[in-house]
Amino acid sequence: MAGAPRTVLISGCSSGIGLELAVRLALDPRQRYQVVATMRDLGKKGALEAAAGEALGKTLTVAQLDVCSDESVVQCLSSIQGEEVDVLVNNAGVGLVGPLEGLSIATMQNVFDTNFFGAVRLVKAVLPSMKRRRQGHIVVVSSVMGLQGVMFNEVYAASKFALEGFFESLAIQLLQFNIFITLVEPGPVATDFEGKLLEQVSRAEFPGTDADTLCYFRDIYLPASREIFRSVGQRPQDVAQAIVKVIGSARPPLRRQTNARYTLLTALKAADPSGRLYVRIAHGLLFRWPRLLDLCLRFLACGCPGTRVWPR
Ligand code: NAD
């Protein structure tokens with residue numbers, strides 16, 4: 001006999017991966033999940049509610065949650081029966097790209113407040129109940145940028161590296177309580193996330209940045225980034241599908257990359273622990289052999305290395 005539905009709390013559900021994931025879980029044909037789909041601004045719940053359709057009010061409820069606010073977290077949890085969350089998905093996140101010299105410390109701190117401390121705040125809130133019940137699953141939407149750095153994404157990558165270190169450390173203790181952690185690591189995903197960011201930065205001035213760096217950012221990084229998204233980017237539905245699979249697994253893995261087309265690049269880090277191989281190849285492809293980068297992206301875009309969705 002099927003057990004009681006598991007309560008899944010997801011942050012950042014007004015758009016992108018969070019929205020797709022909330023709807024997929026709520027529409028599970030076996031009704032295994034009771035989804036609490038949260039967002040900072042309830043004024044933006046229209047798209048989620050429309051996508052949820054008949055699941056709304058049954059297997060999916062919408063709640064307010066700002067991951068940067070202690071009060072908001074307390075209030076959101078108090079609306080859940082027994083404050084018992086079985087699966088927590090830390091999805092809310094913000095990006096930041098641009099030359100370091102032109103970014104304020106306050107802007108950088110906001111990235112860490114949301115991406116890193118936002119996840120930590122939620123985990124601290126749900127952990128006592130998970131430990132008491134000796135069960136739980138914490139999913140963190142990290143990124144391939146939590147595994148390796150990308151030019152002009154220093155602060156965003158650092159926030160994802162911080163998540164990787166934090167949750168890998170925590171996973172060891174939590175295994176003792178039968179609580180699993182999974183770091184989901186998508187490559188580029190075609191959501192508002194990158195589009196909005198790239199549009200903003202293409203107009204920004206980045207005061208205090210030297211002419212060479214600005215030129216590298218605008219003439220090398222931005223076009224390459226657009227091309228990478230176009231050729232190897234996944235749809236948010238693809239990432240949501242990978243997360244659904246991880247949540248349904250009896251022994252979830254600590255890490256799960258979602259995009260087979262990106263794994264060649266992440267494999268470089270494992271292949272050479274000195275780091276030279278990845279840095280040299282990334283530098284070479286961007287600055288010295290742009291035609292080779294173009295060829296590689298065309299090869300990947302044509303589907304040669306296999307499926308775009310991983311795991312299937
Ligand atoms: P998105 O912009 O559609 O979703 C991010 C969500 O987080 C938004 O709904 C936003 O409102 C919410 N959010 C931001 N600050 C918040 C706060 N303080 N409290 C609550 N919610 C807040 O973009 P997405 O691509 O769906 O991003 C989801 C996650 O995936 C992020 O953690 C992002 O870092 C990660 N990711 C995205 C990509 C990509 O290329 N889009 C790649 C790898 C990882």
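Guide: Helices (H or I, at least four residues) and strands (E, at least two) are DSSP runs, numbered from the N terminus. The model is predicted: local features need pLDDT of at least 70 and side-chain atom pairs count only at pLDDT 80 or more, while totals for chains, interfaces and linings use all residues. Residues are numbered from 1 along each chain as its sequence is written.

Visitor: In what order do the seven strands of the open sheet lie?

Guide: Strands of a sheet pair through backbone hydrogen bonds, either parallel or antiparallel. Here the order is β3-β2-β1-β4-β5-β6-β7, with parallel pairing; two strands pair if DSSP finds at least two bridges between them. Because β3 (60-64) and β7 (255-257) each have a single partner strand, one side of each has no neighbour in the sheet.

Visitor: How many bridges join β6 to β7?

Guide: Three bridges join β6 (residues 179-185) to β7. Within this pair, Glu185 has Gln257 of β7 as its bridge partner.

Visitor: Which residues are closest to the ligand?

Guide: A residue is near a molecule if its C-beta atom, placed from the backbone, lies within 6 Å of it. The ligand is surrounded by 28 residues, the closest being Gly12, Gly16, Ala92, Gly93 and Phe193. At least two residues of this shell come from each of α1 (16-26), α4 (105-133) and α6 (192-203).
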